[in-house]
Amino acid sequence: MSYVVAVRALCEFTARQGDLDLRFTPSPTGQEGIAGHAEVTARRGPGYQAEVSLSGTHGPLLVRGRADGYDPAANLVEEIKTYRGDFERIPANHRHLHWAQLRVYGHLLCQKLALDEVNLALVYFDIARQTETVLRETQSAADLAALFAAQCERFVAWAEREMAHRDARDSALGALQFPHPDFRPGQRDLAETIFKANSSGRCVMAQAPTGIGKTIGTLFPVLKAAPQHQLDKVFFLAAKTPGRRLALDAAGAITRSAPLLPLRVLELVARDKACEHPDKACHGDSCPLAKGFYDRLPAARSAAAGAGMLDRERLRDVALAHDVCPYYLGSEMAKWSDLIVGDYNYYFDLGAMLNGLTMANQWKVSVLVDEAHNMVQRARAMYSAELERGALRAARAAAPSYLRPALDKVSRSWPVPGVGPYEVAEAPSDKLLDALRGAGAVITDYLAENPAPMDPALQRFYFDALHFGRMAELFGDHSLYDITRNGAKDSTLCLRNVVPATFLKPRFAQTHCTALFSATLSPWNYYADMLGLPADAAWVDIASPFVAEQLTVHVAANISTRFQHRAASAVPIATLIARQYHEAPGNYLAFFSSFDYLEQVAALFAQLYPEIPAWHQPRRMAEAEREQFLERFTPDSSGIGFAVLGGSFGEGIDLPGARLIGAFIATLGLPQMNPVNEEIRKRMQAIFGSGYDYTYLYPGMQKVVQAAGRVIRTESDSGVVYLIDDRFGQREVRELLPRWWHVDQITRSGS
Ligand code: SF4
């Protein structure tokens with residue numbers, strides 16, 4: 001049996017030394033790197049071979065990779081590296097690593113073509129200036145073979161440990177039993193769905209009700225399928241921290257129930273949360289945990305690999321015990337972990353680390369996307385970019401004089417907004433994009449010369465400008481380019497992604513299986529279209545374990561919550577809430593479309609019914625206040641909590657039993673009708689022929705169903721939901737309600 005390792009991974013393991021040094025961040029994105037490689041190879045003559053696949057063995061190792069280019073006429077192998085900034089400041093240990101990679105390719109090519117010697121060239125391509133700096137050497141095949149052997153020898157012991165780990169992992173996973181005595185109702189169906197999707201290698205969208213134990217119901221079958229389908233890694237991606245915590249808890253339950261299972265679990269945490277020295281920069285001259293990072297990494301990596309569960313706290317302990325940065329140790333351990341738990345962005349955003357590693361190492365991965373109804377909004381944000389005129393002015397004020405001409409050029413290229421507050425333009429002008437590129441290049445140079453932390457205003461504009469430039473290169477029908485006027489002097493330019501499918505589609509294709517699951521994924525075509533799921537993706541609606549008798553659903557069809565009717569609706573809504581409370585005292589949540597509306601009804605309610613306890617969500621809420629709001633819902637308490645739909649209490653909270661016995665939803669949750677949403681509607685109409693539904697109705701009803709889903713959490717719960725608006729009586733709206741809320745159960749009522 002051989003251990004397959006990519007050339008790059010081999011060299012990163014064996015040839016990295018010295019300090020962690022990220023002075024050159026932001027490095028080129030993956031897209032820029034690809035474009036840079038294409039530019040260099042396009043400059044080469046006929047006969048030049050790009051992307052030459054090479055492989056070779058040493059003991060149990062099978063080393064493979066693709067040399068960037070080979071010129072047979074010159075017998076020259078090229079390794080192309082894209083960079084930004086001053087070439088002279090690329091750290092020596094980075095170049096050392098690049099040479100190591102190139103020499104491995106040189107050896108593999110000598111073997112393949114039976115060469116006695118080969119010319120090697122390291123081509124550094126400056127992304128901003130589009131210029132090349134080339135370093136050359138000539139090596140004999142014998143010397144390269146010796147270097148390769150030495151390199152491999154330094155990796156063999158680790159590779160053997162990895163193979164033993166994989167054997168033990170897969171044999172334990174093959175025998176894995178569900179960690180609880182039995183599946184909950186619905187949970188087995190969900191688990192079977194996920195297992196089958198992994199067996200067939202198809203993506204799946206699973207709508208599964210709350211309360212059935214979705215986290216373990218999805219994690220268990222993927223792990224169980226891993227040995228049979230030779231999965232290298234499982235990524236569990238969640239929109240929010242509680243989802244990640246549940247996944248870590250589920251992984252803990254699985255490993256506790258299988259003592260022979262050596263599963264390596266890693267929690268990925270954002271850099272600002274994992275950083276031990278927020279006042280320092282990530283290089284050895286500034287941060288003690290970056291100094292000598294690669295020299296201490298082998299011992300830290302070895303300890304981390306033996307730790308099993310590497311949640312945030314455990315990873316920090318291991319890192320600090322070895323004096324290395326916890327965040328970058330986490331990035332390293334992503335290469336060696338079996339189950340990685342993190343935010344969506346680690347796999348789906350533009351330069352996503354887990355996607356980059358998957359591609360570079362040709363991993364076979366299975367991805368679980370928790371609470372996947374959040375994906376549309378989150379992915380839109382990942383692929384949108386904004387530039388503010390005010391931020392440009394602040395950056396100029398903070399910038400040293402050397403940078404000001406470049407920023408002034410951006411200012412002169414800034415589009416003049418029309419007379420209205422909002423307009424959609426065709427695309428950013430070349431003049432603006434050139435000016436942004438120029439400013440990005442000089443700031444990068446400046447950064448390279450001045451490694452001290454940058455002024456926050458300048459840094460913000462710099463990162464915004466780079467991101468805007470990248471998204472402008474990817475601009476298409478999936479996005480709008482709009483200009484919003486902010487007062488007399490300012491405007492905001494936005495490349496606003498509205499259909500993330502274009503960007504996500506390849507990400508799904510690069511997995512063995514992606515399973516997206518949530519309690520609200522209806523209608524499936526909306527999510528499939530917006531996210532770009534493959535044509536053969538399955539959609540499964542798991543039957544609810546709850547029965548209609550548990551939930552009484554009323555439609556207050558005599559009330560309109562439309563903006564123009566809100567003042568008139570306040571009394572009927574307050575009366576309705578009070579009547580229900582007096583009939584069945586207990587804890588209720590009442591949801592509204594905005595804080596204004598909430599405050600209006602809450603104030604009236606307090607005035608009319610002072611005897612009923614009531615509390616409401618303030619406009620700004622610290623974490624502690626959020627907890628206090630929820631703590632008022634006890635099994636023995638009673639009262640009304642007023643909240644905003646789509647806010648902190650509309651999803652992701654669990655108030656079982658008497659902690660919550662009912663909800664009033666005084667809105668269809670429709671996004672506000674404003675110029676931006678109207679432009680989105682037009683684009684949705686043009687692309688999908690479904691402008692209103694895709695822009696307003698489906699996103700709104702998803703929030704309504706999520707909020708109503710707070711009431712019934714277990715099979716012993718019972719409660720009531722009031723859907724307050726006449727439009728809830730419409731057939732097309734009712735069709736978006738969960739199937740187990742029998743439609744004939746809906747009655748018309750009001751004040
Ligand atoms: S501790 Fe903070 S400053 Fe130091 S290397 Fe890590 S992330 Fe960078």
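Which residues do ring pairs link into a cluster? They are Tyr3, Phe13, Phe155, Trp158 and Trp336. Rings of Phe, Tyr and Trp (its six-membered ring) count as a pair if their centres lie within 6.5 Å; planes under 30 degrees apart are called stacked, those over 60 edge-to-face, and the rest tilted.

The model is predicted, so that local features need pLDDT of at least 70 and side-chain atom pairs count only at pLDDT 80 or more, whereas totals for chains, interfaces and linings use all residues. Residues are numbered from 1 along each chain as its sequence is written, and side-chain values use heavy atoms, with hydrogens and water left out.

A charge sits over a ring if NZ of Lys or CZ of Arg is within 6 Å of the ring centre and within 35 degrees of the ring normal. Arginine 301 lies over the face of phenylalanine 13, 3.7 Å from the ring centre, and its charged end also sits over the ring of tryptophan 158, at 5.6 Å from the centre.

In total, the structure holds 38 aromatic pairs. One of them is edge-to-face because the rings of phenylalanine 178 and phenylalanine 220 have planes at 75°, with centres 5.2 Å apart. This pair links distant parts of the chain, 42 residues apart: phenylalanine 178 is in the loop between helix H4 (141–174) and helix H5 (187–200), and phenylalanine 220 is in helix H6 (residues 214–225). Helices are DSSP runs of H or I, at least four residues long, numbered from the N terminus. Phenylalanine 178 counts as buried at 12% relative accessibility, and phenylalanine 220 is buried at 9%; buried means under 20% relative accessible area, with a 1.4 Å probe and protein chains only.

Definitions and conventions:
Helices (H or I, at least four residues) and strands (E, at least two) are DSSP runs, numbered from the N terminus. Buried means under 20% relative accessible area, exposed over 50%, partly exposed in between (1.4 Å probe, protein chains only).
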